[in-house]
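This report covers a pocket and a residue of one model.

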Amino acid sequence: MGILSGDSLAGLVQIPSWHVVLAGLTAFVVVAIVVNVLAQILFRDPNQPPVVFHWIPVLGSAVSYGMDPYKFFEDNRKKFGDVFTFVLLGRKMTVALGPKGNDFILNAKLSDVSAEDAYHHLTTPVFGKGVVYDCPNHRLMEQKKFAKSALTVQAFRTYVPAIVEEARKYWLKSPQFFGGDSNRASGNAHLLTAMPELTIFTASRTLQGKQIRAKFDESFADLYHDLDRGFTPLHFVFPNIPIPATFRRDAAQKKVSDTYMELIRERRQSGDFSEMDIINTFLKEAIYKDGVRMTDREIANMQIGILMGGQHTSAATSTWALLHIGADPKLQEALYREQIEVCGEDLPELTYENLQSMPLLNATIRETLRMHMPLHSLMRKVRNNLTIEGTHYVVPKGNYVMAAPGVPMIDSNYFTDPMTFRPSRWDEVKNEIKVDANADKATISKGASSPYLPFGAGRHRCIGEQFAFVQLGTILTMFIREFTWTLPEGRGVPKPDYTSMVTLPSEPTNIIWTRRQIAKK
């Protein structure tokens, strides 16, 4: 008898063939599915909200939710009511629909639910350390106050002419429009290309000043595009997954933050804080209540968050608005006539006060936001067992709760004929949403229990609402002055595409534009 050599052992151990491995994997999957189904049937906790049935563990309802969140919400509301739970890539999400659901989640106590716990792993690699959701909530609230101090009427008055100038420059240079030919009279523009570019150019110029805006003429816009690709459902689950998009995101974050740092150093060295922009506001005022000053790196990172926070939503909203206006020639002409009535027959340079005097323009923006809420879902992570008001249900600590403010905005219980784009429903604006069944007029409230919450509610309500109306109003006004446009023949307004973090139109999003005679003078 001898000792078996390594080669001899290898000869005795037979490696399973591929079909044996496949059979084993199949058996594992089948067992996992069976166990998952039995757990849902046999071990349902009556004290927790009903769970949407799903076959595959971990994946849960991710596919049906991701394809069309509003259909998913409506289908399950019919089965379970306004409160139910579904599994989203291993996370249990309890949805609370309707105005009461919005109020329950968005106005919940900080000790019970946390936006920071829900989002920090997604946003921190993009924005950077020490800001937004990568800091305690009381710090974030103070950061928002610093930013809000720059969003004043005085600032808005300077922003309007700056946005006008940027729009004209963009049209002249962009191949979507004049392409350098100032005499070009008509063309075809792809809005999903044009509007993200135009909104980031106008936002950077107004909010952050000429120096930062100038950098977008080089490679800065591409870097922001790489940052944008860090906001995907995949990154929400696996924030540091080693794929090219992640590597580009991380490189872009460092480069953009370093660029802001360079500008901050220049301003500190020169002592010139005269320009009315948010960077200077932070340099002068960003001292917390406890006396701690924001570091320059945190200020730099905050600029990324400020610019990206509104750019996504404004680009989407302006795209939807232009599509709806293009599909309705009567509305388009009415918006043009409104400008002439407010500004004068020769359409002099636009002012902030002009925008406030155009009710149809502002109603068109409100109606766009109503039908196309940019963010279809808002999440919070549960910090303590949370009892859902008016029920016996308890959401366990560690689960998530989800509000869907867009659901009541397209609900016939609150808006007559909700899937019809009709700005006239906003003719009367009062202190709270009501629907007049005879006149079909709805009004706005900022309370979390309102059916109309395009900017959210509660402590995380968007501080950029007024700026959004200035930016969107100015851009739309200039489009209406410069062009008439239609959608391609035989095509209506596209359906929503929910595959990105912000609700965008599905393809195609082209408009056929022609310059107005007034613009050629």
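## Basis

The model is predicted: local features need pLDDT of at least 70, side-chain atom pairs count only at pLDDT 80 or more, and totals for chains, interfaces and linings use all residues. Residues are numbered from 1 along each chain as its sequence is written, and side-chain values use heavy atoms, with hydrogens and water left out.

## The second largest pocket

The second largest pocket has a volume of about 1,000 Å³. A pocket is an open set of points on a 1 Å grid over the protein atoms alone, where a 1.4 Å probe fits, with protein on both sides within 12 Å along at least five of seven lines; lining residues have an atom within 4 Å of a point. Of its 41 lining residues, Thr193, Pro196, Glu197, His225 and Gln311 are the closest to the centre.

Elements that give two or more residues to this lining include helix 8 (153-173), helix 15 (296-326) and strand 11 (504-505). Helices (H or I, at least four residues) and strands (E, at least two) are DSSP runs, numbered from the N terminus. Helix 9 gives the most, with seven residues.

## Arg516

Arg516 is in the loop between strand 12 (510-515) and helix 21 (517-520). Arg516 is buried, with a relative accessible area of 9% (buried means under 20%, with a 1.4 Å probe and protein chains only).

A polar atom of the Arg516 side chain lies 2.6 Å from the backbone oxygen of Ile480. For the backbone oxygen of Phe483, the distance to a polar atom of that side chain is 3.1 Å.

Definitions and conventions. Grid points are joined across faces, edges and corners, and a volume is the space filled by probe spheres set on the points. Buried means under 20% relative accessible area, exposed over 50%, partly exposed in between (1.4 Å probe, protein chains only). A polar contact is a pair of N or O atoms within 3.5 Å; within protein, one must be able to donate a hydrogen and the other to accept it, and residues adjacent in sequence count only if both atoms are side-chain atoms.
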